[in-house]
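Colleague: I'd like to learn how to read this fold feature by feature. Could you walk me through it, general idea first and then the case at hand?

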Amino acid sequence: ENRPPRQNVTPPDTFEDAGELAGSGTYVRFDVPQPEIKRSWPSFRDMMLHRYVVSRVIWTYMASIAVTYFITLCLFPGLESEIRNCTLGEWLPILIMAVFNLSDFVGKILAALPYDWRGVHLLLCSCLRVVFIPLFILCVYPNGSPTFSHPAWPCVFSLLMGITNGYFGSVPMILAAGKVNPEQRELAG
């Protein structure tokens, strides 16, 4: 029998080493225990604690976003779609919604302008948007002859509401991640 002498081979440390040895024609034992890769998933309590720590730092930014969108959703599209005019008829709500969407887009573009807002100031400005609620109500009340009956009024209010919605909805999202440690930025987002 002409067998080649048996080589003394140490077991590979990783699967990559095993693949290299296997490709060279050397016998490899795959039953050798591999180093365990320990995956530790955080518990629910740990996840909540991390979120709590981050939210304590950026709570004003979070509240600003919530107030901004709450006020917008109180008016758009529901109340805005009820505004009527004899001259424009059913086209006025369509015009108002188009003005809002276009100005919201402009507000989001303006949010890219560099200005370092403090969280409290953002929250205050977002809360000031509550003035749009009575203004839009006066565009439909009293029924038949509203206080602001000219079609320009709801268009102007919608323009201002759209710009502030785009701006105060985007700026807190942009700035909040910069207020936490780099390893917490994804969680802040």
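Modeller: Let's begin with contacts: two residues are in contact when heavy atoms lie within 4.5 Å. Here, residues 24 or more positions apart account for 71% of the contacts with a separation of 6 or more. Before we go on, this is a predicted model, where local features need pLDDT of at least 70 and side-chain atom pairs count only at pLDDT 80 or more, while totals for chains, interfaces and linings use all residues. Residues are numbered from 1 along each chain as its sequence is written, and side-chain values use heavy atoms, with hydrogens and water left out.

Colleague: How many helices and strands are there in the protein?

Modeller: Those elements are DSSP runs numbered from the N terminus, with helices being H or I of at least four residues and strands E of at least two. The protein has 7 helices and 0 strands, so from the N terminus on you read α-α-α-α-α-α-α.

Colleague: And what share of the residues counts as buried?

Modeller: Buried means under 20% relative accessible area, exposed over 50%, and partly exposed in between, using a 1.4 Å probe and protein chains only. Of the 189 residues, 31% count as buried. For the area itself, the method is Shrake-Rupley with a 1.4 Å probe, and for residues only the protein chains shown count as cover. The protein exposes about 13300 Å², with carbon and sulfur atoms supplying 64% of it.

Colleague: Now charges. How many salt bridges does the structure hold?

Modeller: The general idea is that side chains of opposite charge can pair when their charged atoms come close. The cut-off for a salt bridge is a side-chain nitrogen of Lys or Arg within 4 Å of a carboxyl oxygen of Asp or Glu. The structure holds 3 of them. One joins Arg-84 and Glu-90, at 3.3 Å from N to O; Arg-84 is partly exposed at 39% relative accessibility, while Glu-90 is exposed at 53%.

Colleague: What about Asp-104: which residue does Asp-104 form a salt bridge with?

Modeller: Its partner is Lys-108, with the closest N and O atoms 3.8 Å apart. Asp-104 is buried, with a relative accessible area of 12%, whereas Lys-108 is partly exposed at 38%.

Colleague: Then which parts of the chain does the pair Lys-179 and Asp-116 tie together?

Modeller: Lys-179 and Asp-116 form a salt bridge, their closest N and O atoms being 3.6 Å apart. Lys-179 lies in the loop between α6 (152-176) and α7 (185-188) and Asp-116 in the loop between α3 and α4 (119-128), so the pair ties together parts that are 63 residues apart in sequence. Lys-179 is partly exposed at 35% and Asp-116 is exposed at 57%.

Colleague: Which residues form the nonpolar patch on the surface?

Modeller: Patches are made of residues with over 30% relative accessible area and no salt bridge, joining like charges within 9 Å and nonpolar side chains (Val, Leu, Ile, Met, Phe, Trp, Tyr) within 5 Å. This one is formed by Leu-102, Phe-105, Val-106, Ile-109, Leu-110 and Leu-113, with about 560 Å² of accessible area together. Phe-105 sits in helix α3 and is partly exposed at 49%. Ile-109 is also in helix α3, partly exposed at 48%.

Colleague: Last one: which peptide bonds are cis?

Modeller: Most peptide bonds are trans. Here the bond from Phe-76 to Pro-77 is cis, with omega near 0 degrees, and Pro-77 is in the loop between α2 and α3. Another cis bond joins Tyr-141 and Pro-142, with omega about -5 degrees; Pro-142 is in the loop between α5 (132-137) and α6.
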